[in-house]
Amino acid sequence: RARVAEAARHLASAAFVALGATGGGKTFAVTGGVQRFADRGLIPRSISVLFEELGARQDRDEFEVYVSFFEIYKDGVLDLLSGAP
């Protein structure tokens, strides 16, 4: 939380990279579980902190937020927010 909040305060960009073996829990760590709010992963928690920090700023109406969500698998890149199959 502290690093995401600091990045938002300083208007820096952030990236999360999850590496590991198949079945190692990368997806769960990044996206979290769907059953309990407490099981949120890095992305939902970070987005919450980002908007909390931006919402507390006097100049909040001057910001645009862009989000990308990619999966890299076997030399290919898949845009997980594109909606394309």
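The model is predicted. The chain holds 3 helices and 2 strands. Along the sequence, the pattern reads α-α-α-β-β. Of the 85 residues in the protein chain, 13% are buried.

**Overall dimensions**

- Taken along the principal axes, the C-alpha atoms of the protein chain fill a box of roughly 45 × 30 × 20 Å.
- Ser 48 and Ile 72 lie 24 residues apart along the chain, and their C-alpha atoms are separated by 25 Å.
- Gly 23 and Val 67 are 44 residues apart in sequence, with 26 Å between their C-alpha atoms.

**Helix H1**

- Helix H1 covers residues 2-9.
- Its buried residues include Val 4, Ala 5, Ala 7 and Ala 8. They cover an arc of only 160° around the axis, so they sit on the same side of H1.
- Ala 2 and Arg 3 are exposed, on the other side of H1.

**Helix H3**

- Helix H3 takes in residues 42-55.
- H3 has 14 residues and reaches 20 Å from its first C-alpha to its last. That span is close to the 20 Å expected at 1.5 Å a residue.
- Ser 46, Val 49, Glu 53 and Leu 54 are buried in H3. Down the axis of H3, the buried residues fall within an arc of 130°, so they line one face of the helix.
- Ser 48 is also placed in helix H3. Ser 48 has a relative accessible area of 30%, so it counts as partly exposed, between the 20% and 50% cut-offs.
- Phe 51 is another residue of helix H3. Its relative accessible area is 46%, which makes Phe 51 partly exposed.

- Strand S1 spans residues 70-73, and strand S2 spans residues 76-79.
- The two strands run antiparallel and are joined by 4 bridges.
- Glu 71 has Leu 78 in S2 as its bridge partner.
- The hairpin of S1 and S2 has 2 residues between the strands.
- Lys 74 is in the loop between S1 and S2. Its phi is near 50°, a positive value in a residue other than glycine.
- Asp 75 is also in the loop between S1 and S2. Its phi is near 65°, again positive in a residue other than glycine.
- Most residues other than glycine have a negative phi.
- Lys 74 is exposed, because its relative accessibility is 67%, over the 50% cut-off.
- Asp 75 is exposed as well, at 86% relative accessibility.

**Nonpolar surface patch**

- Which residues form the nonpolar patch on the surface? They are Ile 47, Phe 51, Val 65, Val 67 and Leu 81.
- Together these residues have about 430 Å² of accessible area.
- Phe 51 comes from helix H3, while Val 67 lies in the loop between H3 and S1.
- Phe 51 is partly exposed at 46%. Val 67 has 52% relative accessibility, so it counts as exposed.

**Salt bridges**

- How many salt bridges does a search of the whole structure find? The search finds 2.
- Side chains of opposite charge can pair when their charged atoms come close.
- Arg 57 is partly exposed, with a relative accessible area of 22%. Asp 59 is partly exposed too, with a relative accessible area of 25%.

Conventions:
Residues numbered from 1 in each chain as written. Predicted model: local features only at pLDDT ≥ 70, side-chain atom pairs only at ≥ 80, totals over all residues. Heavy atoms only, no water. Patch = residues over 30% accessible without salt bridge, like charges linked within 9 Å, V, L, I, M, F, W, Y side chains within 5 Å. Areas by Shrake-Rupley, 256 points an atom, 1.4 Å probe, with all protein chains shown as cover. Salt bridge = Lys/Arg side-chain N within 4 Å of Asp/Glu carboxyl O. Buried < 20%, exposed > 50% of the residue type's maximum accessible area, 1.4 Å probe, protein only. Pairing = 2+ DSSP bridges. Expected span 1.5 Å × (residues − 1). Arc of directions from axis to C-beta.
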